[in-house]
Amino acid sequence: GAVANMLLREFDIHVMSGIYGVGKIESALDSHQYDFDYALNSEIYTLDKELEQVFKEEILKAKKAKDSVGARVFTRIKNPFKNLGEPIYDKLDSKLAHAIIGINAVKAIEFGEGCKSSYMFGSQNNDFIKDDKFLSNHNGGILGGISNGNFIEFRTFFKPTPSIFLPQQTQTIWGKNTICKLQGRHDPCVGIRGSVIVNAMASIVMADALLVNTSSNINNLKKAYK
């Protein structure tokens, strides 16, 4: 992911991620108000500085209870080129989803309005165009599997880690009922470090999309190999 980021920066493309929700607590800020600069210096990568301590207390509360808690990550890809991705088999959003959902403990991902769009009318969710610019970004910068030049934005949802210190009913490999009692060190909120991993995975996908796009037409291909 770090190497992919180096490549993306050569084209002024920046992938940024941070935490906007822990457990039942969630930032009331609109996504355009998230502070990615603050997240870089935050111990828990929070996008809302007013909730830094609140999030920490929620995580420590779960830890003290020998339990765990889930978290939510917001990612923004700034200055993506238009026309990255393919319309069917290699849709940019499906490639991102494939990579992100492959991260341990990730249970869901949504682009733009995501699940909320299923409650909306087309007139509310469509991104209208005027003077060669989109007037909104309800679809998270990807339409028909192809980047449209808007910010690419998506949310990633991490479950609470199942590795908790409370006794849990389970079975042995021989099918015998037993109680699982953990020892050692286990994170009470894996979504925190998950923010860094989401950023890395998204960077890799975007770097791949850049490379694939060099052969999207014969002129690009000739230029690459000339």
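Visitor: Among contacts in the chain between residues at least 6 apart in sequence, what share joins residues at least 24 apart?

Guide: The share is 70%. Contact here means heavy atoms within 4.5 Å. Please note that this is a predicted model, in which local features need pLDDT of at least 70 and side-chain atom pairs count only at pLDDT 80 or more, while totals for chains, interfaces and linings use all residues. Residues are numbered from 1 along each chain as its sequence is written, and side-chain values use heavy atoms, with hydrogens and water left out.

Visitor: How many helices and strands does the chain have, and what makes a run count as one?

Guide: The chain has seven helices and 11 strands. Both are DSSP runs numbered from the N terminus: a helix (H or I) needs at least four residues and a strand (E) at least two. The C-alpha atoms fill a box of roughly 65 × 40 × 35 Å along the principal axes.

Visitor: Why is Phe-74 called buried?

Guide: Buried means under 20% relative accessible area, exposed means over 50%, and partly exposed lies in between (1.4 Å probe, protein chains only). Phe-74 has 1% relative accessibility, and therefore counts as buried. Of the 226 residues of the chain, 39% count as buried.

Visitor: Why is Tyr-34 placed in the class that it has?

Guide: Tyr-34 has 7% relative accessibility, so it counts as buried.

Visitor: What makes Tyr-34 and Phe-74 an aromatic pair, and of which kind?

Guide: Rings of Phe, Tyr and Trp (its six-membered ring) pair if their centres lie within 6.5 Å; planes under 30 degrees apart count as stacked, over 60 as edge-to-face, and the rest as tilted. For Tyr-34 and Phe-74 the centres are 5.2 Å apart and the planes stand at 70 degrees, which gives an edge-to-face pair. The pair links distant parts of the chain, 40 residues apart: Tyr-34 lies in the loop between strand E2 (25-26) and helix H2 (36-41), and Phe-74 in strand E3. The whole structure holds five aromatic pairs. Tyr-34 and Phe-74 also belong to one aromatic cluster with Tyr-20 and Phe-36.

Visitor: What makes a set of residues a nonpolar core, and which members of the largest one touch the most others?

Guide: A nonpolar core is a set of buried Ala, Val, Leu, Ile, Met, Phe, Trp, Tyr and Cys residues joined through side-chain atoms within 4.5 Å. The largest has 38 residues, of which Leu-92, Leu-96, Ile-152 and Phe-154 touch the most other members. Elements giving two or more residues to this core include strand E1 (14-22), helix H4 (92-101) and helix H6 (191-213). The largest share, seven residues, is that of H6. Apart from this core lies another of six residues, among them Tyr-20, Phe-36, Leu-47 and Phe-74.

Visitor: Which residues does Leu-96 contact, leaving aside its neighbours within four places in sequence?

Guide: Leu-96 is in contact with Phe-111, Ile-142, Ile-152, Phe-154, Ala-202 and Val-205, with those neighbours left aside.

Visitor: How do you know whether Arg-72 is buried or exposed?

Guide: The relative accessible area of Arg-72 is 13%, and so Arg-72 is buried. Arg-72 is found in strand E3. Not counting residues up to four places away in sequence, Arg-72 touches residues including Gly-18, Tyr-20, Glu-26 and Thr-156.

Visitor: Why are Asn-79 and Asn-83 classed as they are by accessibility?

Guide: Asn-79 has 31% relative accessibility, and so counts as partly exposed. Asn-83 has 52%, and therefore counts as exposed.

Visitor: Why is Glu-113 called partly exposed?

Guide: Its relative accessible area is 23%, so Glu-113 is partly exposed. Glu-113 is found in the loop between E4 and helix H5 (122-125). Leaving aside neighbours within four places in sequence, Glu-113 is in contact with Met-120, Asn-125 and His-138.
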